[in-house]
Amino acid sequence: MSMNAISDDLWNLYGFYGSILALKLAVMSFVTVYARITYKVFPNAEDAAKVVGGKVDLNDDRIERTRRCHLNDMENIIPFLFLAFLYITTNPSVTVAAYHFRIFTACRFIHTICYLLGLPRIAFLGGLLATLSMAVQSIMYFM
């Protein structure tokens with residue numbers, strides 16, 4: 001299938017949800033920086049020295065929680081974006097593709113809120129299932 005054969009609706013879905021997820025990744029960097037400044041905890045002595053009362057601590061749970069949340073997003077969003085691109089080249093139903101993208105995006109936001117608040121994070125399953133579904137469908141299409 002050529003790239004020109006991908007419907008505008010699928011491109012629009014991919015562009016919209018892909019942009020939201022990429023922005024979420026970028027925002028998580030700022031969330032980590034905000035936590036570091038708020039709690040005056042830094043990974044490097046030179047950074048800590050710039051803030052009154054700043055200290056170096058690589059194991060502060062408040063900072064590590066935001067950092068791990070950001071890493072978790074990278075581990076999930078980057079593969080999703082790649083698989084979603086492959087998936088739209090299979091010419092799926094726009095409605096089904098929209099459900100995959102919406103479920104994944106909603107689950108990532110719910111997961112982040114739960115992660116940062118220390119709540120159970122069952123929401124990752126919805127995102128995982130959406131990603132696995134697209135992967136299996138793409139594999140079956142390209143076999």
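A residue is buried under 20% relative accessible area, exposed over 50% and partly exposed in between, using a 1.4 Å probe and protein chains only. The model is predicted, so local features need pLDDT of at least 70 and side-chain atom pairs pLDDT 80 or more, while totals for chains, interfaces and linings use all residues. Residues are numbered from 1 along each chain as its sequence is written, and side-chain values use heavy atoms, without hydrogens and water.

**Exercise 1.** State what share of the protein chain is buried, and classify Tyr 17.

Solution. Of the 143 residues in the protein chain, 38% are buried. Tyr 17 has a relative accessible area of 11%. Buried means under 20%, so Tyr 17 is buried.

**Exercise 2.** Count the aromatic pairs and classify the pair of Phe 16 and Tyr 17.

Solution. Rings of Phe, Tyr and Trp (its six-membered ring) pair if their centres lie within 6.5 Å; planes under 30 degrees apart are stacked, over 60 edge-to-face, and the rest tilted. This rule gives eight aromatic pairs. For Phe 16 and Tyr 17 the ring centres are 4.9 Å apart and the planes stand at 90°, so the pair is edge-to-face.

**Exercise 3.** Find which rings Lys 24 and Arg 121 lie over.

Solution. A charge sits over a ring if NZ of Lys or CZ of Arg is within 6 Å of the ring centre and within 35 degrees of the ring normal. Lys 24 lies over the face of Phe 109, 5.6 Å from the ring centre. The charged end of Arg 121 is over the ring of Tyr 115, at 4.3 Å from its centre.
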